[in-house]
Amino acid sequence: MTDPVTATSEELLPQGPAHPERALDLLRRGGFRRAYAAVAISELGDAFQYIALMWFALVAAGPLGVIAVRLADSVPALLFGLHGGVVADRWDRRRLMISADLVRGVVLVPVAALGLTGHLPLVALVAAAFVLTTATSYFDPAYGALLPALVDRRNVQQANGLVRATADSLSVGGWALAGLLLTFLPISVFFGLNAVSFFLSAALLAGVRARGTAQQGAERPKIRDGFSVLRPRPTLAASVVVLGVAVTLSSGTWIVGVPELVRTTLGRGAGSFSLVAASYALGSICAGAALARWPIRRKARASMLAWTLYLPAYGLFAVAGSLGVALAAGFGAGVGQGSSWVLINSAAQEEVPDGLLGRVTGLVSLVHRGAHATGLLFVSPLFALAAPQSVFAAAAVAIPLAGLGVGLAWLYNKTGSLWPCILAHFLNNALAISVVIGKC
């Protein structure tokens with residue numbers, strides 16, 4: 001008897017020679033247009049909130065306050081990420097997204113009020129960050145699983161590229177606009193602005209006709225099925241593993257290493273660091289725009305290859321003696337990670353049956369967010385032991401090699417083919433050498 005989890009669903013079989021549509025043409029579809037606007041509005045609000053959240057945390061308890069808020073912003077993804085995928089495969093996905101938006105908006109109202117009164121304690125910031133990320137852990141899998149119903153599977157890459165480019169553009173624009181607004185508004189208003197953005201997002205999603213309800217009346221979804229469905233898709237499974245390894249290394253070096261390099265090596269301040277961060281966002285914007293324009297056939301494989309862009313990007317950080325070189329490095333890193341994120345989500349949305357898609361997109365989201373936390377805990381401390389240039393030189397080699405090496409080893413384990421094992425052994429030996437170099 002055919003296993004319904006691992007068997008190829010009829011919905012995934014080729015339906016004809018139809019070609020992908022242009023990204024902007026997808027906005028003619030009312031459901032996607034509303035979802036696109038909802039995500040865009042909430043991303044702009046998040047840009048305002050990020051500045052307010054980090055500032056109040058710093059004022060309340062210094063660097064330890066920032067660390068506490070960042071941990072509260074990371075832990076829920078690890079706790080609820082998989083469950084969010086299960087719920088997305090059980091409930092009405094549109095209603096789940098609306099509920100998550102309403103929760104996020106309601107949580108921010110008292111935070112904004114406390115900020116305006118001048119009595120916003122750190123515990124309130126930590127609690128708000130925890131609840132916001134918890135709600136996001138349910139929104140993201142529901143959105144990722146609903147997208148194919150809005151644009152058709154053949155168009156998911158174009159849709160993801162467009163959304164990614166737009167979101168990063170609004171983030172940069174929001175940070176710049178925040179500086180202007182702070183000349184006549186208190187910073188606590190930013191919490192209120194983000195609350196409004198979530199309420200507007202919920203209102204837009206309420207008009208989406210596609211509900212994306214999965215498995216109504218069927219057996220209750222199980223978390224393990226989200227892993228089982230990857231068994232006959234070894235390349236997609238490998239790309240998820242590579243995502244976790246590569247983001248752990250890249251985020252751990254970026255979060256601490258870039259500001260340290262700007263301060264100690266380049267002898268510059270926060271303004272220069274913000275420019276490097278903006279160059280990363282610009283690279284991600286360009287990656288999203290390019291992938292919205294040009295379809296990639298083997299998306300899961302391409303998502304792993306995208307990490308090789310960190311070789312020239314972090315290599316430039318390792319030799320950076322001027323701000324211009326650092327800006328080029330930031331741009332290259334943004335292209336690499338932005339491309340990988342769009343491609344791996346698009347691969348899952350093309351290959352995984354609808355009834356299991358929420359659990360797989362939830363797994364991808366958990367791996368991505370969790371890798372930021374593990375990178376901060378296990379990779380960032382290297383900057384206390386070695387100069388920034390040495391760590392970036394090691395990372396420039398380690399990120400492509402670790403990613404590809406883990407991916408090839410996973411493929412060998414799943415397929416039994418010998419050539420991935422041989423290449424993985426070679427790459428992991430090279431990775432060990434790069435780590436030794438980084439400590440020198």
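A residue counts as buried under 20% relative accessible area, as exposed over 50%, and as partly exposed in between. This briefing applies that definition to aromatic residues in a predicted model. Phe130, for instance, has 31% relative accessibility and therefore counts as partly exposed. The model holds 14 aromatic pairs, and two of them are described below.

**The pair Phe56 and Phe191**

- Phe56 and Phe191 form a tilted aromatic pair, with 5.8 Å from centre to centre and 40° between the planes.
- Phe56 belongs to helix H1 (residues 30–72) and Phe191 to helix H6 (residues 189–206), so this pair ties together parts that are 135 residues apart in sequence.
- Phe56 is buried, at a relative accessible area of 16%.
- Phe191 is also buried, at a relative accessible area of 1%.

**The pair Phe80 and Phe130**

- Phe80 and Phe130 form an edge-to-face aromatic pair, with 6.4 Å from centre to centre and 85° between the planes.
- This pair links distant parts of the chain, 50 residues apart: Phe80 is in helix H2 (residues 75–88) and Phe130 is in helix H4 (residues 122–151).
- Phe80 is partly exposed, with a relative accessible area of 25%.
- Phe130, at 31% relative accessibility, is likewise partly exposed.

**An aromatic cluster**

- One aromatic cluster is formed by Trp254, Tyr280, Trp307, Tyr310, Tyr314, Phe317, Phe383 and Phe392.

**A charge over a ring**

- Arg104 lies over the face of Phe139, at 4.8 Å from the ring centre.

Technical notes. Residues numbered from 1 in each chain as written. Predicted model: local features only at pLDDT ≥ 70, side-chain atom pairs only at ≥ 80, totals over all residues. Heavy atoms only, no water. Phe/Tyr/Trp six-rings, centres within 6.5 Å; stacked < 30°, edge-to-face > 60°. Helix = DSSP H or I, 4+ residues; strand = E, 2+ residues; numbered from the N terminus. Buried < 20%, exposed > 50% of the residue type's maximum accessible area, 1.4 Å probe, protein only. Lys NZ or Arg CZ within 6 Å of the ring centre and 35° of its normal.
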